[in-house]
Each structure stands twice: as structure tokens, then as C-alpha cells.
Amino acid sequence: MTTSTDTATKRATRVKASDLIYGDILDFLIDEAAMLDDDRHLEWLDCLTEDIVYKMPIRKTVYRRDGDGFDGRNVHWDDDRFSLGLRVRRSVEVEAAYDRDPAPRVRRMVTNLVVHETDTPGEYAATTYLLVLRNRFDAPTYDMLTAKREDVIRRDDEGTCKLARRRVLVDQTALGAVFINVFM
């Protein structure tokens, strides 16, 4: 299944790491990961556009000749601004949420940033790799998840970067319940 990010990347010019916009997008993604790691979910919502599309398709194991390994019809999430707001409210306001109290310790490592211009002025296609580590209670080990993220970053009128689209392509076929409520 081809996404708008895939299409934009194939047609567009790659932004060099020495370009200022590359640094702005990298700073945005680092700051976003820090907000999420520090449970600053309400602040994170302000980094999203009003028309945000936030998806994570289900990974499936297929032979190469049978597709890219993602189910185009089924997703773990298919969120917009409203549903992301509800998920954030659950995370912030529901004190008795079992998966949130005591709070898990989550770290997101974002790497391998590649940025392309798109056909829309002020929008950039950004691809990153993601490693998420999660620890809870007194467990001596981490739950781990790896993924590729395909984002569209949009600069608003003030030049601030905001997340307009995110497609999270996890490497695991079995996600595990511990990651369903973790923002990627």
C-alpha cells in the first residue's frame, strides 16, 4: 500500500542534513520524543496539526511476492485529532488506568532521519527509525519495539514545525498489550 508520504518521497528532492529545515525537523522530533518520555502528553497535543492523521497498520508475515507485509484494512490505530485527544485524556486524567499507574518508564530513540521536500510548500516528508523501550514496576528487563515512521511535518505561519501525518510501521507482528497505549 503506497502512502502519501511514500509518494512524496519518491518524487521529491532530498533535504540535506546541512539545510536549516533539516535541523528544525530533527529538533522537533527530539523534543517530541522527550515530551512523550516525560509524560507531557497535553503539551504534545499542541505539536499536532488540527488535521492530523496518526496510523499504525498491522504487520503481517508474507512472502515478498505477496506484498509489503502490512495489512491495508486493519490497524492498531487510525487516529485523528479528536481520538488522540481522548487517548491523551485517558493517559492524563484517569488515575486508575492500570497501564498508567504506577507510570511505566518509556524511552524513545529516534534515528536515521531522512527528509524530502513535498509538492506542498511548507510540508516535508520525514522518515525515521524508532526504538521504544518500556519498563514497569521492578522488572529487570525492558519491553522493546522497533519501527519505521513515515511523517509529514508542516511548518505553520510562524515557522513552527507540527506533525501532520504519521504512519508507524512496526517490525513485530505481535505487538503485545503493553504498547497499545504508548504514543509512537
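**Notebook: salt bridges and strands**

I began with a group of charged side chains: D51, E123, R154 and R165 are linked in a network of salt bridges. I note at the outset that I am working with a predicted model.

Entry 1. I then asked where the two residues lie. E123 belongs to strand 5 (residues 123-135) and R154 to strand 6 (residues 143-155), so this pair ties together parts that are 31 residues apart in sequence. Next I checked accessibility. E123 has a relative accessible area of 14%, and it counts as buried because this is under 20%. R154 reaches 23% relative accessibility and therefore counts as partly exposed.

Entry 2. How many residues of strand 5 are buried? I found 11 of its 13 residues buried, so strand 5 is largely enclosed by the rest of the structure.

I then looked up the strands paired with it. Strand 4 and strand 5 form a hairpin with five residues between them. In the turn I noted G122, which has a positive phi of about 85 degrees.

On strand 6, I found that 12 bridges join it to strand 5, and that these two strands also run antiparallel. Here Y129 stands opposite K148 in strand 6.

Entry 3. I followed the chain into the loop between strand 5 and strand 6, where F137 lies. Is F137 buried, exposed or partly exposed? Its relative accessible area is 42%, and F137 is therefore partly exposed.

**Entry 4. Other salt bridges.** I looked up the total and found that the structure holds 17 salt bridges. One of them joins the side chains of E32 and R166, at 2.8 Å from N to O. This pair links distant parts of the chain: E32 sits in helix 2 (residues 20-37) and R166 in strand 7 (residues 161-170), 134 residues apart. Are E32 and R166 buried or exposed? E32 has 1% relative accessibility and so counts as buried. R166, at 2%, counts as buried too.

I then examined the salt bridge between R40 and D38, whose closest N and O atoms are 3.2 Å apart. R40 has 31% relative accessibility and therefore counts as partly exposed. D38 is partly exposed as well, with a relative accessible area of 44%.

**Entry 5. A residue in another loop.** Last, I looked up T61. Its place is in the loop between strand 2 (48-59) and strand 3 (70-79). Why does T61 count as exposed? Its relative accessibility is 70%, and exposed means over 50%. I also recorded that T61 and T173 are 112 residues apart along the chain, while their C-alpha atoms are separated by 7.1 Å.

Key. Residues numbered from 1 in each chain as written. Predicted model: local features only at pLDDT ≥ 70, side-chain atom pairs only at ≥ 80, totals over all residues. Heavy atoms only, no water. Helix = DSSP H or I, 4+ residues; strand = E, 2+ residues; numbered from the N terminus. Buried < 20%, exposed > 50% of the residue type's maximum accessible area, 1.4 Å probe, protein only. Salt bridge = Lys/Arg side-chain N within 4 Å of Asp/Glu carboxyl O. Pairing = 2+ DSSP bridges.
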